[in-house]
Amino acid sequence: MELGLVGLGKMGGNMRERIRRAGLTVIGYDRNPDLADVHSLEELVGALKGPRVVWVMVPAGAATQSTIDELAELLEPGDVVVDGGNSRWTDDEKHAEELAAKGIGFVDCGVSGGVWGLENGYALMYGGDAENVAKVLPVFDALKPKGDFGAVHAGKVGAGHFAKMVHNGIEYAMMQAYAEGWELLEKVDSVTDVREVFRSWQEGTVIRSWLLDLAVNALDEDEHLERLKGYAQDSGEGRWTVEAAIDHSVPLPAITASLFARFASRQDDSPQMKMIAALRNQFGGHAVERK
């Protein structure tokens, strides 16, 4: 099988290598000519035999839309486009409809694995018609971890990215729980080796996980995380998860709180806490700290 792969950054570049290791042919395009096998989408499509499969790994939003728009003019009926980026599931429905008008199939695929995926494999959640999914299965098999699990046909178009979005929302909450526990352990005088407490949890406990293993890795590199700034960005999928929960009246208190905690991390001097301090001073005469 041949695959066209658009976007050869941190994820895409490693995915190209893993697919090639499985014996499949990958022709990659990236705006950075040092990474690319070909130098335009037109050249990429021309180098593939039909029916073609082109996998898009570019940032969600305008970049994905423009890439799919261009592919729609270059591909032929029977070809398939896979969006493996972090697109919103509602965009998938739009892209599928636009491509279907030209006889081109569409599959959305949420990909998890980060920088470890090359060696460990990527967890894949994909959505789309069975006919289109079947054309991509050899690539899914090459990318997934060894064993029976790690890849799922989640449902209709959009289901893959929706599942990946919920996965990332859960990830937010799990990371927040580890972070809060770590801070509390660091705060008390009686616990003298927080890093080793975390390490002890890696075996035999109900909270052991890959995220816990990564936390221990981080503490091995910087025991008290003194070299880091307490600022956490969000990719957008946490926000989409909370918005979907509101739309479907599903309570997500832990995931929502973890998202808001990231917002709080970006404030050097919290405006909300200024108001709380002012109110405590007004009603109770409590002391305030002034600049």
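Colleague: What should I know before reading the values?
Modeller: This is a predicted model, in which local features need pLDDT of at least 70 and side-chain atom pairs count only at pLDDT 80 or more, while totals for chains, interfaces and linings use all residues. Residues are numbered from 1 along each chain as its sequence is written, and side-chain values use heavy atoms, with hydrogens and water left out.

Colleague: How many salt bridges are found in the whole structure?
Modeller: The search finds 19 salt bridges. A salt bridge here is a side-chain nitrogen of Lys or Arg within 4 Å of a carboxyl oxygen of Asp or Glu.

Colleague: Why can such side chains pair?
Modeller: Side chains of opposite charge can pair when their charged atoms come close.

Colleague: Which residue forms a salt bridge with Arg52?
Modeller: The partner of Arg52 is Asp79, and their closest N and O atoms are 2.9 Å apart. This pair links distant parts of the chain, 27 residues apart: Arg52 is in the loop between H2 and E3, and Asp79 is in the loop between H3 and strand E4 (80–83). Helices (H or I, at least four residues) and strands (E, at least two) are DSSP runs, numbered from the N terminus.

Colleague: Are Arg52 and Asp79 buried or exposed?
Modeller: Both Arg52 and Asp79 are buried. Buried means under 20% relative accessible area, exposed means over 50%, and partly exposed lies in between (1.4 Å probe, protein chains only).

Colleague: What about Glu17; where is its partner?
Modeller: Glu17 forms a salt bridge with Arg21, with the closest N and O atoms 3.1 Å apart. The two are four residues apart in helix H1 (residues 10–21), so about one helical turn separates them.

Colleague: Changing topic, which residues gather in the patch of negative charge?
Modeller: Glu42, Glu43, Asp69 and Glu70 form that patch on the surface. Helix H2 (41–47) and helix H3 (62–74) each give two or more residues to the negative patch. Glu70, which lies in helix H3, is partly exposed, with a relative accessible area of 41%.

Colleague: And the backbone: which peptide bond is cis?
Modeller: The bond from Gly50 to Pro51 is cis, with omega near -10°. Pro51 lies in the loop between H2 and strand E3 (53–56).

Colleague: What is the phi of Ser249?
Modeller: Ser249 has a positive phi of about 55°, although it is not a glycine. Ser249 is in the loop between H10 and helix H11 (253–265), and counts as exposed at 65% relative accessibility.

Technical notes: Patch = residues over 30% accessible without salt bridge, like charges linked within 9 Å, V, L, I, M, F, W, Y side chains within 5 Å. Areas by Shrake-Rupley, 256 points an atom, 1.4 Å probe, with all protein chains shown as cover. Lys, Arg positive; Asp, Glu negative; His and termini not counted. Charge placed at Lys NZ, Arg CZ, Asp CG, Glu CD.
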